[in-house]
Amino acid sequence: MAIGLGVGLWAGVATLHDQIEDDTGRLAQLYIERSDAVGDDIVQALTRIRQSPAAPCSDDDLAWLRRIVIESRNVKSAVRMHDHEMLCSSTLGKLAVPTDRARPDYETSRGRRVLVDTPLIGMPGVRGMVIEEGDASVVLNRDAFVDKIDPRLDYTVVAEYDTRRDVFISNMPPAGLASRPLVAGEPVLLDGRRFEVRCSTAHTGCIVAALRDRPSARRSPLVMAFGLFGLFGGLGGGVGLVSAIARSRSLSRRLRAALRNNELTIVYQPIVRLADRQRVGAESLIRWRDNRGDAISPDVFIAVAEEEGFISEVTRFVLRRVLAELADGLRARPGFRVTVNVSARDVLDPTFAAFVRQELHAAGVSPGAIGFELTERSTADREAIGRGIQTLRKAGHAVYIDDFGTDYSSLSYLAQLQVDMIKIDRSFTLALEDGAAQSLMPQMVAMARTLSLGLVIEGIETDAQARIVADIDADALGQGWLFGSPVEASRLFPAG
Ligand SMILES: Nc1nc2c(ncn2[C@@H]2O[C@H](COP(=O)(O)O[C@H]3[C@@H](O)[C@H](n4cnc5c(=O)[nH]c(N)nc54)O[C@@H]3COP(=O)(O)O)[C@@H](O)[C@H]2O)c(=O)[nH]1
């Protein structure tokens, strides 16, 4: 029996360690993939700035630069330079006097100059990250790289710039990592802690990361379970259990289990008509607290479900839950519409529309009460996506393009995909009050109107933003903390 207990405990501790390394490695890899996408976006924007067919800083050239920003996910401003002086930009237009930029922090062998955190010309008090290549330059929010990191990690990101390696961002003492050889997949020990290492193959840089709150083996229910199993069970069965539980503990396994056990919940964020601020709909947003009580961001677990190919299970769970929670309220409020986020995989799934029809029929809810929001960043077959969208629209659902303006392909989407509404990303709302990028919103609104598309403006946090947007387009709808944070179903419809 003592041998059984010992083997069980050993297996439990080993499995707990495997689980931690598995989760850390996955989060670190997710970061590398996301920051690679930012890197690709930057390179593409720099190339397109140089491809402008118009005379530098002419009206047509400025429109070209603005288009690049609208179509890029991360670039906040596209800038034209000459001899290290800024001449014009998508946000400021043509400068009265060419202005010198600060010296770069790094220069790569490809001739890209990087200013990691620099005051932005013409925007007092605002700082950003700038990358220059020849006479082209882009500005991005430095958080474009920080936001991609899971908050549960202690991390250091080391960037390599040919001639030197440097700590790019870090939330821990970097412990000489800039000078230490780093190899993807080969963990490093720092102060007795094991850090996973993942490196980019597309761009240059590595993340060194460890979970901050490493579960203690002594208090772990997993280890206790193994110990007990070892105590009462035989070694053969123990090995089977070890591998079964080990698999089930990875992030995606835990997410699948949470789905099966109905542990995920839905909150609803109101959408209002800006003219009178009446609630006309809501967006459903999924939430997950794992068994340690930690809230895991949908940004993280939706990406995992997409990568691992079970996003359709998530979408179906959300739709069923929305109907279970809101069917009565929706039947009582014709015209009120709740939207569900879908992925390209859902839209391409030939069984999806039939699934939706059956669920709506069972719940007695009309198709007009449910809309679908699609954020499409992949290069998936657009014709097929277009056909999937039309199937949903023919069934009576409104289809929205979400986060409009953040995806480099957004504009070409609108031409190819016929949708009902676009949701303008909150980065454009944020820029409204700083004055500099104010001009982008009217352009986007005008474009939506030209294409007869309805509009939802996202991320409205202040009364000033709401008023500016209502002035630009009184028919637009708005969503954001000003009108309400996401709430549980019971709090969505005002009493009475
Ligand atoms: N496929 C699915 N994707 C989903 C689902 N539920 C959520 N998501 C996607 O995850 C991303 C993060 O969502 P979340 O953390 O829920 O954040 C949403 C809002 O809380 C936030 N928000 C809303 N108003 C404001 C605001 O005024 N300021 C501010 N800083 N943030 C605000 O924005 C998120 C909603 O964004 P969007 O979807 O782009 O309208 C997000 O991409 C979700 O789409 C799901 O069930 N399925």
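A residue counts as buried when its relative accessible area is under 20%. In this predicted model, that cut-off applies to 6 of the 8 residues of strand 1 (residues 75–82), so strand 1 is largely enclosed by the rest of the structure.

Strand 1 has two antiparallel partners. With strand 7 (residues 136–140) the pairing runs over 5 bridges, and Val 75 has Leu 140 as its bridge partner there. With strand 2 (residues 85–89) the pairing runs over 4 bridges, and Arg 80 stands opposite Cys 88. Strands 1 and 2 form a hairpin with 2 residues between them, and Asp 83 in the turn has a positive phi of about 50°.

The ligand site is described next. There are 21 residues around the ligand, and those that come nearest are Arg 287, Asp 403, Arg 426, Glu 458 and Glu 461. By class, this shell has 9 charged, 8 nonpolar and 4 polar residues.

| Residue | Protein atom | Ligand atom | Distance |
|---|---|---|---|
| Ile 286 | backbone N or O | nitrogen | 3.0 Å |
| Arg 426 | side-chain N or O | oxygen | 2.8 Å |
| Trp 481 | backbone N or O | oxygen | 2.9 Å |

Taken alone, the ligand exposes 830 Å², and the protein buries 85% of that area. Strand 14 gives the most, with 4 residues.

Methods: Residues are numbered from 1 along each chain as its sequence is written. This is a predicted model: local features need pLDDT of at least 70, side-chain atom pairs count only at pLDDT 80 or more; totals for chains, interfaces and linings use all residues. Side-chain values use heavy atoms; hydrogens and water are left out. A residue is near a molecule or strand if one of its heavy atoms lies within 4 Å of it. A polar contact is a pair of N or O atoms within 3.5 Å; within protein, one must be able to donate a hydrogen and the other to accept it, and residues adjacent in sequence count only if both atoms are side-chain atoms. Accessible areas come from the Shrake-Rupley method with a 1.4 Å probe; for residues, only the protein chains shown count as cover. Ala, Val, Leu, Ile, Met, Phe, Trp, Tyr, Cys and Pro count as nonpolar, Asp, Glu, Lys and Arg as charged, and the others, Gly among them, as polar. Buried means under 20% relative accessible area, exposed over 50%, partly exposed in between (1.4 Å probe, protein chains only). Two strands pair if DSSP finds at least two bridges between them.
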